[in-house]
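Subject: Handover of a structure

Hello,

Here is the structure you will be taking over. The notes below it go through what was found.

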Amino acid sequence: MIKNKFKEEKKSIREHYHKNTEGFVGVGLGDSSSENYTGENCIRIYVTKIGNHKNGVHKFQDGSVANVQYVEVGKIRLRGFMGRYRPAQPGAILGAVGCPLDGTLGAIVTDNTDGKKVILSCNHVLANWSLLPAGTPILQPGPNSGGVAGTDQIGTLKRAVQANLGNLGVNYVDAAIATPTNNTVINATPFCAAVKPTRQGAIGMLWAASPYIMIIAPITNILTLMNVSVPKQKAPAVGMSIHACGAKAGYITSTVTDVLVDLLLTTDDGNDVWFMDQTICAGGIADGDGGDSGSMFYTTFNV
């Protein structure tokens, strides 16, 4: 069987392709068809780009052969996008000087007030719950993730939806935008290739989580209150399959479990604060890991 021969010779196969294959990142055993499984095994060589690589055959030591198939997988990063990236893309860690929490660059959107491209993330990431003034430097990576003022600045705070954190204050979104220092420091394409803002509808932005759920502000409220626009949008619905790029968690998949949720949350000051019309999703982030606030979720299908 190919499987047994592959296991016995995998080390030599790996070393051969590592030495002789441009962009090599791995080797494994898979099916000859990735879409309609045939039960016919082949050796799959993972490369960052297909380029000039062409499928072929591998000859085992006993003289038998197996098909070899090249698979383009792009550049594989460890969990999350916590490094320094130029251009910075949705999914990258960022934060404001003077803000205690870093978060995720959620999306590059259009500011309807002037038609310019801006960075969208959470208010608590870019404006520290409306406590920071317009013009505050935005760093990537954020200041709490190793970013250095000046060296790592990619923009400045433009405006935020005012947070009402007084007792029984009513809120609908946790959102803010920043002006990039120039058009070359940002790119609208998310790090996660499966997330496609020009084809899939944005359903909302992650801003809070517990060990059991993620809380997402619906896209309609974000666009209306922030006065920005995105290429495509889709109203969240129960049972909808969604995904996102998070700076800490990396590629996140989940399912919408509840919509139109009104939540009463307690601030660090002890105030009970309302967040209205939220969307709740199950799973996706281990223990509500910090750093993913701002992640923009999209449907997994084209709209």
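Strand 7 is mostly covered, with five of its five residues buried. Please keep in mind while reading that this is a predicted model.

Strand 7 covers residues 107-111 and pairs with strand 8 (residues 117-121) in the antiparallel sense, over four bridges. Within this pairing, V109 stands opposite V118 of strand 8. The hairpin that these two strands form has five residues between the strands, and G115 takes a positive phi there, near 75 degrees.

Strand 7 is also joined to strand 15, again antiparallel, by two bridges. T110 has S229 as its bridge partner in strand 15, and D111 stands opposite V228 of strand 15.

Helix 3 runs over residues 219-226. Its buried residues are I219, N221, I222, L223 and M226. L225 is found in this helix too, but at 43% relative accessibility L225 counts as partly exposed. Together with V170 and Y172, L225 makes a nonpolar surface patch of about 250 Å². Just after helix 3 comes N227, which takes a positive phi of about 60 degrees.

**T299 in strand 19**

T299 lies in strand 19, which covers residues 296-302. Is T299 buried or exposed? Its relative accessible area is 0%, so T299 is buried. A polar atom of the T299 side chain lies 2.7 Å from the backbone oxygen of F301. Not counting residues up to four places away in sequence, T299 touches Q200, G201, I203, K234, M240, S241, I242 and H243.

V261 has its place in strand 17 (residues 250-266). V261 counts as buried because its relative accessibility is 15%, and the cut-off for buried is under 20%. Which residues is V261 in contact with, leaving aside its neighbours within four places in sequence? They are F275, M276, D277, Q278 and I280. T198 is 63 residues from V261 along the chain, and the C-alpha atoms of the two are separated by 28 Å.

D277, one of the contacts of V261, is found in strand 18 (residues 272-282). D277 counts as partly exposed, at 28% relative accessibility. Phi of D277 is near 60 degrees, which is a positive value in a residue other than glycine.

**Backbone points in the loops**

One runs from R86 to P87, with omega near 5 degrees; P87 is found in the loop between strand 4 (65-72) and strand 5 (93-96). Another runs from Q140 to P141, also with omega near 5 degrees. P141 lies in the loop between strand 9 (137-139) and strand 10 (153-160).

What phi does L168 have? It is positive, about 65 degrees, although L168 is not a glycine. L168 lies in the loop between strand 10 and strand 11 (170-171).

**In brief**

For a first look, start with strand 7, which has strand 8 as an antiparallel partner over four bridges and strand 15 as another over two. Then turn to L225, which is partly exposed and takes part in the nonpolar patch, and to T299, which is buried at 0%.

Regards

How values were computed
Residues are numbered from 1 along each chain as its sequence is written. This is a predicted model: local features need pLDDT of at least 70, side-chain atom pairs count only at pLDDT 80 or more; totals for chains, interfaces and linings use all residues. Side-chain values use heavy atoms; hydrogens and water are left out. Two strands pair if DSSP finds at least two bridges between them. Buried means under 20% relative accessible area, exposed over 50%, partly exposed in between (1.4 Å probe, protein chains only). A polar contact is a pair of N or O atoms within 3.5 Å; within protein, one must be able to donate a hydrogen and the other to accept it, and residues adjacent in sequence count only if both atoms are side-chain atoms. Contact means heavy atoms within 4.5 Å. Patches are made of residues with over 30% relative accessible area and no salt bridge: like charges are joined within 9 Å, nonpolar side chains (Val, Leu, Ile, Met, Phe, Trp, Tyr) within 5 Å. Accessible areas come from the Shrake-Rupley method with a 1.4 Å probe; for residues, only the protein chains shown count as cover. A salt bridge is a side-chain nitrogen of Lys or Arg within 4 Å of a carboxyl oxygen of Asp or Glu.
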